[in-house]
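Biologist: I would like to learn how to read a model like this one. Please take me through it feature by feature.

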Amino acid sequence: MSGDDGTDPDVGRSDEATGDEGIVYLVGSGPGDPDLLTVKARRLLEEADVVLHDKLPGPEIIDLIPETRREDVGKRAGGEWTPQEYTNRRMVELAREGKRVVRLKGGDPFVFGRGGEEMEHLADAGVPFEVVPGLSSAVAGPGVAGIPLTHRDHVSSVSFVTGHEDPTKGESAVDWGALADTGGTLVVLMGVGKLPAYTGALRDAGMDPDTPVAMVERATWPDQRVVTGTLDTIVDVRDREGVEPPAITVVGEVAATRARVRAFLREGGDRRA
């Protein structure tokens, strides 16, 4: 509801927990380098009673949180996982106990992070919450690898897409043919396992098989790796190099920029001053 002057009456309101009322903070941790945490995210991690964290924030960030104040509710592709229903229920339970709860997510909560679902669940349960944006790995991953998502000499648009849709869907909601027609940069998150399927779909839709492709694995983590190829060769590169999640796939002419700047690029996992 807007105020009489058309403004949002909640703007500027502090949602800090008061009295016995708890609160949940949906916090983005960025791509994994603790230096890329926002000031607010770091403060909330220090002040939280409980941190419910994903697998993706990265070991250095998770290690900032005392074991007694953290709970792992993460998921791994093809591996161990915590049901989303449990995470939703746990956030509400803790907040109703008067706790300050940080729901810590990799990247940004609202970029393929299910933050929207969790926000709606909290609202339905009548639990106060606050969103603390994070630096999305969709932008940071290519950036630290020397790959600009847009470039005046090459491309003026970028599309973000998930390579891992809800398996209960009857059919994919991603129109790979339309994406191929944009002529822009394509960034695929959570797309390591489905790489053969969507690179094949892009070729079938008419994208040039020689289009440059890069995969950035564990962007900004100490063990960050980058592999490159083309739409036609990247699956073989993935298999040969053993690329594993989490990784970002960048498809488009900008992916070739890395080769031109790499000699002078300090990689994202480098912690030297």
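Modeller: In helix α1, residues 39-47, the buried residues are Ala 41, Leu 44 and Leu 45. Buried means under 20% relative accessible area, exposed over 50%, and partly exposed in between, with a 1.4 Å probe and protein chains only. Helices (H or I, at least four residues) and strands (E, at least two) are DSSP runs, numbered from the N terminus.

Modeller: Some ground rules. This is a predicted model, where local features need pLDDT of at least 70, side-chain atom pairs count only at pLDDT 80 or more, and totals for chains, interfaces and linings use all residues. Residues are numbered from 1 along each chain as its sequence is written, and side-chain values use heavy atoms, leaving out hydrogens and water.

Biologist: Why do the buried residues of α1 line one face of the helix?

Modeller: An α-helix has 3.6 residues a turn, so residues three or four places apart point the same way. Viewed down the axis of α1, the buried residues fall within an arc of 105 degrees, so they line one face. The arc is taken from the directions from the helix axis to the C-beta atoms. Val 39 and Glu 46 are exposed on the other side of α1.

Biologist: What covers the buried residues of α1?

Modeller: Look for contacts, meaning heavy atoms within 4.5 Å. The cover includes β1 (23-28), β2 (50-53), α2 (59-62), β4 (100-105) and β5 (129-132).

Biologist: Take β1. Is Val 24 buried or exposed?

Modeller: Val 24 lies in strand β1. Val 24 counts as buried because its relative accessibility is 0%. Beyond four places away in sequence, Val 24 touches residues including Met 91, Leu 122 and Phe 129. Val 24 and Val 102 are 78 residues apart in sequence, yet 5.8 Å apart in space, C-alpha to C-alpha.

Biologist: How do β1 and β5 run, and how many bridges join them?

Modeller: Two strands pair if DSSP finds at least two bridges between them. β1 and β5 run parallel, joined by four bridges. Leu 26 stands opposite Val 131 in β5.

Biologist: Which side chains of β5 point to which face?

Modeller: They alternate along the strand.

Biologist: Where is Ser 136 found?

Modeller: Ser 136 is in the loop between β5 and α5 (137-144). Ser 136 is buried, with a relative accessible area of 11%.
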